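Q: Hi! Could you walk me through a few spots in this protein?

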Amino acid sequence: MAKWVYTFGDGAAEGRAGDKNLLGGKGANLAEMCSLGLPVPPGFTITTEVCTWFYANGRAYPESYEAEVAAALDHIARLTGRRFGDPEKLLLVSVRSGARASMPGMMDTVLNLGLNDETVEALARDAGDARFAYDSYRRFIQMYSNVVLGLDHDVFEEILEDEKARLGHELDTELTASEWQHVIGLYKQRIEEELGEPFPQEPREQLRAAIGAVFASWMNARAITYRRLHDIPESWGTAVNVQAMVFGNMGQTSATGVAFTRNPSTGEKALYGEFLVNAQGEDVVAGIRTPQNITEKARIEAGSDKPSLEKVMPEAYRAFVDVAERLEKHYRDMQDLEFTIERGKLWMLQTRSGKRTAKAALKIAVDMAGEGLIAPHDAVARIDPASLDQLLHPTIDPQAERHVIGMGLPASPGAATGEIVFSSDEAEDAKAQGRKVILVRVETSPEDIHGMHAAEGILTTRGGMTSHAAVVARGMGKPCVSGAGSLRVDQRTGTLIAMGTTLKKGDVITIDGGNGQVLKGAVPMLQPELSGDFARVMEWADGIRRMKVRTNAETPADARMARSFGAEGIGLCRTEHMFFEGDRIVAMREMILADTEKGRRAALDKLLPMQRSDFVELFEIMAGLPVTIRLLDPPLHEFLPKTEEEIAEVAAAMGVPADKLRERTEALHEFNPMLGNRGCRLAVCYPEIAEMQARAIFEAAALAALKTGSPVVPEIMVPLVGLKAELDFVKARIDAVAAEVAAASDAKIDYLTGTMIELPRAAIRAHAIAETAEFFSFGTNDLTQTTFGISRDDAAAFLEVYRQKKLIEQDPFVSLDVEGVGELVRMAAEKGRATRPDIKLGICGEHGGDPASIRFCEEVGLDYVSCSPFRVPIARLAAAQAAVAKR
């Protein structure tokens with residue numbers, strides 16, 4: 001038979017720390033502290049399985065649940081010598097949530113439960129302190145009314161503030177017992193006015209309703225948002241912890257506080273926290289009274305004139321320090337602790353692994369490894385790879401005031417401030433004048449590459465996490481907020497309308513690519529810094545991981561940046577990005593406008609030296625490391641102007657009739673460009689393009705090898721292959737060019753030819769394609785699009801609805817769809833290896849920098865992942881964690 005309730009207290013517990021999934025983090029750790037013999041008020045935990053039952057059965061409870069709760073209350077009674085609801089031997093309890101993953105402040109708590117008009121007098125007699133008793137009762141009424149009855153907290157704060165003003169009091173602690181009695185009367189009167197019934201007096205009814213309210217808080221708005229931001233599944237549910245009350249508000253020998261065993265901001269090994277004398281837990285975080293420092297050292301550093309816990313209650317302080325040290329050693333991690341001191345006696349109410357900044361996480365991990373508490377592989381496993389973004393980009397100062405005017409998707413991390421510009425040319429002009437700008441567009445296209453490069457950050461009103469703006473911004477390391485649908489860009493008038501505010505070109509905004517916020521004005525920033533702890537953890541990670549980590553880069557700046565972050569080659573060089581600047585775009589357009597192959601080759605001859613010099617520089621920077629170059633992928637119309645104004649401007653610059661340019665643009669128009677004439681289809685229709693690119697690659701490889709003394713073995717990648725015959729056709733052209741270059745230079749040319757697996761048909765026919773391909777690179781951006789049949793640029797509009805309606809857990813463009821797209825990757829890898837056992841396998845889509853997707857790549861046995869430069873450290877760490885997990 002299922003067990004729904006687990007008890008703890010007096011040095012014994014039915015659960016342990018390992019039961020987190022069942023008892024929640026708080027319940028499991030309360031049980032563990034009990035088993036360690038620490039002073040923990042006795043209580044019981046109602047399991048997460050009850051929460052699951054609660055929601056699956058119309059907010060009802062399992063059959064034996066009520067009896068188990070009654071037995072658990074008897075258990076507390078035996079240990080305390082007090083009974084719940086008995087005015088002669090009064091037992092009061094707290095009711096707190098406790099999910100499997102820590103969700104600080106997201107769900108609800110009720111303290112002092114069991115008080116009513118009769119038991120409050122018993123509490124006053126028992127404590128010998130009427131003021132304390134009535135203060136506790138008014139707190140209970142406030143919390144219970146807010147959490148259980150749904151009345152706003154401000155209703156009670158308003159009454160209390162009015163009474164304090166009437167009585168001439170500044171602080172809550174100045175109210176006498178009789179004054180609190182009067183406030184309680186006003187509270188109860190307001191409750192009856194608002195709800196039409198009196199405040200509940202029966203303790204068991206209070207308990208039943210409070211437990212139900214905590215379960216209900218699992219689905220409150222703030223908990224739902226927190227789970228979404230931290231990828232916590234709704235199905236986990238929360239546990240509920242019911243504990244005998246201990247009181248920090250019983251006078252000057254009582255206190256309550258929160259502390260970390262190390263500094264959560266810096267990682268320094270020193271107790272860090274706050275407490276209040278004569279208070280209950282919520283007072284510390286409510287900000288009504290200024291908390292005091294726990295240690296004398298911290299008090300002096302803070303310049304506070306309020307005494308520390310070390311001075312006020314030295315015995316309780318020493319006991320707390322001993323417990324803190326013991327818990328950190330036991331859990332082998334920095335702990336976040338809650339405690340109460342009741343008339344000089346210390347009680348522990350919670351321990352959990354503390355939240356920390358990325359900087360602190362690195363320092364704590366390295367220090368603990370140095371102290372022998374953990375091994376290097378434990379240190380590597382402790383760091384959240386995604387948190388490294390904090391260290392690589394400027395971020396908004398947490399203390400800064402934020403004037404939010406819009407929200408979008410956090411498409412590329414970091415924060416940026418600048419003047420609004422609405423075109424890429426304006427961005428470039430401003431940069432040349434030394435002005436910082438934010439490029440604001442409805443959406444970006446490849447033609448915006450120069451403006452994106454010039455801007456401090458990018459803001460778009462359309463597009464998802466893998467839109468053009470998002471992908472390119474991440475590659476450049478630029479902050480980006482995409483899909484900010486509540487904003488309206490009017491290119492015609494040059495205005496941005498946000499929450500009723502109209503901003504124009506030149507107005508200053510700030511974007512936060514970490515959370516998707518758009519802010520009015522300039523906001524203070526924190527600049528990134530990489531510590532020695534970062535280098536040490538990366539060194540350990542590199543020693544553990546099996547997979548290589550490459551980068552997606554096509555500019556020398558990106559390649560150098562990636563190398564500085566530890567990239568072991570280039571996994572994707574998108575050659576189309578090289579054609580959008582200056583003379584290149586002119587030559588490219590000449591090639592597209594040419595009516596004959598001869599005309600196209602003449603234009604391509606102008607591009608050849610430019611491509612060659614690009615590749616020489618990349619090969620030199622990578623100095624013998626592998627470089628995978630993708631042949632031209634996008635459809636040709638992307639290189640042509642779109643509006644009448646642009647057509648006229650380009651035609652005049654090129655000296656061609658505007659009509660001819662317009663006709664060619666219209667002829668190349670496609671209804672669905674993603675599935676149109678692109679990738680290897682271009683190389684089949686216009687082999688001369690692939691031949692020019694292959695020649696540039698081979699000649700550059702020979703030049704770079706001479707310069708660096710390191711042999712260069714380029715990897716030429718043919719995109720969007722669905723038929724083996726397509727790859728055979730293009731490879732024949734590549735091989736022919738290689739033979740020509742080898743003959744002309746009288747040197748052997750080593751190279752690999754492979755393909756991107758980005759179509760389901762390619763995955764299904766991988767065994768045949770591997771007869772020709774020497775490597776596969778999984779282009780999971782397009783493979784996700786073609787598997788799902790959705791456009792990544794348009795999907796953001798409905799994928800969030802799908803997630804809210806629980807049809808999907810994650811956006812498949814952000815984290816790999818393991819069941820569908822992943823199955824195609826697994827199939828292609830297995831089929832490819834069956835044909836060619838030494839085939840090289842990698843991934844070069846955006847998923848190459850996503851830790852969850854990297855775990856899957858390790859499981860499938862890929863040889864490398866490739867990601868944007870700023871995600872290289874994240875991928876290195878995630879690959880190491882995946883290797884540890886696989887062991």
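A: Happy to. Helices (H or I, at least four residues) are DSSP runs, numbered from the N terminus. This is a predicted model, where local features need pLDDT of at least 70, side-chain atom pairs count only at pLDDT 80 or more, and totals for chains, interfaces and linings use all residues. Residues are numbered from 1 along each chain as its sequence is written, and side-chain values use heavy atoms, with hydrogens and water left out.

Q: Thanks! Where does Glu-428 lie?
A: Glu-428 lies in helix H17.

Q: And is Glu-428 buried, exposed or partly exposed?
A: Glu-428 is partly exposed, because its relative accessibility is 40%. Buried means under 20% relative accessible area, exposed over 50%, and partly exposed in between (1.4 Å probe, protein chains only).

Q: OK, new topic. Which helix holds Arg-139?
A: Arg-139 sits in helix H5, residues 130-147. With 6% relative accessibility, Arg-139 counts as buried.

Q: What does Arg-139 touch?
A: Setting aside residues up to four places away in sequence, Arg-139 touches Asn-112, Asn-249, Ala-279, Gln-280, Glu-282 and Asp-283. Contact means heavy atoms within 4.5 Å.

Q: Now Gly-451: buried or exposed?
A: Gly-451 is buried, as its relative accessible area is 0%. Gly-451 belongs to helix H18, residues 449-454.

Q: Which residues is Gly-451 in contact with?
A: Apart from neighbours within four places in sequence, Gly-451 contacts Ser-424, Ala-427 and Leu-439.

Q: Last one: how many residues apart in sequence are Gly-451 and Pro-687?
A: They are 236 residues apart in sequence, and 31 Å apart in space, C-alpha to C-alpha.

Definitions and conventions:
Helices (H or I, at least four residues) and strands (E, at least two) are DSSP runs, numbered from the N terminus.
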